[in-house]
Amino acid sequence: MFKLSDVKFKDVIYIKELHIPPKTTTCIIGESGSGKSTLIKLLNHLISCDQGEVTFQGKPIVNIDPIKLRRQVIMVPQVPVTFEGTIQDNLLIGLAFAEKPQVDQEKLKEVLRIVHLSKPLDTNADQLSGGEKQRLSLARALLLDPEVFIFDEPTSALDEQTEDKVIEGVIREIKNNHKTLIMVTHSQKIANTYGEFIAVMKAGNIIEVKGAG
């Protein structure tokens, strides 16, 4: 699905070759500062490499309209993005931005159950904790139903027990819909449990790959 060839970005990363397979859960792990977040920004064309090529579905990312790409490849950052208004407003705004049809409240409640966010839809989003805002961001991404989900430490503000429940529910939903997930995670346990393909980064390089691809 994604292929990186001879990719360099400043002095942050240099990846000779990496293939990320479709319809799998790929976990990117490595110590802080190893280049994980930079890598996923390249995949969503938030930044462009200085050297080499990144392709998506066989096409160079630089030749794909960024808006079109980001409707197919949704990124959820580590610091959650919330908007003024209620939980319902925050869920529906993603669909509006993507120019997708709105959904009813039952569908909204369903995605909240998947991410284990037990809050009424009329709750003000500003009142949510950091971990609840992370779950809200995940729910908004699930509603958009893209081809590829990219998560950057999506549960870093959660305790381990809640993190396990949320990750399990979200990954099950993504796999049931035959979509691709690429996830930066701090948790070796999560990577080992759910990662069908694992890329280990160190000092900007891919030093080990495990699994399919």
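**Why these labels?**

A search of the whole structure, a predicted model, finds three aromatic pairs.

Me: Why is the pair of Phe83 and Phe97 called edge-to-face?
Reply: The ring centres of Phe83 and Phe97 are 5.8 Å apart. Rings pair if their centres lie within 6.5 Å. The planes stand at 70°, and planes over 60 degrees apart count as edge-to-face. So the pair is edge-to-face.

Me: What parts does the pair of Phe83 and Phe97 tie together?
Reply: Phe83 lies in the loop between strand E6 (73-76) and helix H3 (87-97), and Phe97 lies in helix H3, so the pair ties together parts that are 14 residues apart in sequence.

Me: Is Phe97 buried or exposed, and how do you know?
Reply: Phe97 has a relative accessible area of 54%. Exposed means over 50%, so Phe97 is exposed.

Me: What about Phe83?
Reply: Phe83 has 27%. Buried means under 20%, exposed over 50%, and partly exposed is in between. So Phe83 is partly exposed.

Me: What makes Cys27 buried?
Reply: Its relative accessible area is 0%, and the cut-off for buried is under 20%. Cys49, at 22%, is partly exposed.

Me: How many disulfides are there?
Reply: The count is zero. A disulfide needs a pair of cysteine sulfur atoms within 2.5 Å.

Me: Why are E6 and E10 called edge strands?
Reply: Six strands form an open sheet in the order E6-E7-E8-E3-E9-E10. E6 and strand E10 (205-211) each pair on one side only.

Me: How do you know that E6 pairs with E7?
Reply: Four bridges join E6 to strand E7 (residues 148-152). Pairing takes at least two bridges, so E6 and E7 pair. The two strands run parallel.

Conventions:
Residues numbered from 1 in each chain as written. Predicted model: local features only at pLDDT ≥ 70, side-chain atom pairs only at ≥ 80, totals over all residues. Heavy atoms only, no water. Phe/Tyr/Trp six-rings, centres within 6.5 Å; stacked < 30°, edge-to-face > 60°. Buried < 20%, exposed > 50% of the residue type's maximum accessible area, 1.4 Å probe, protein only.
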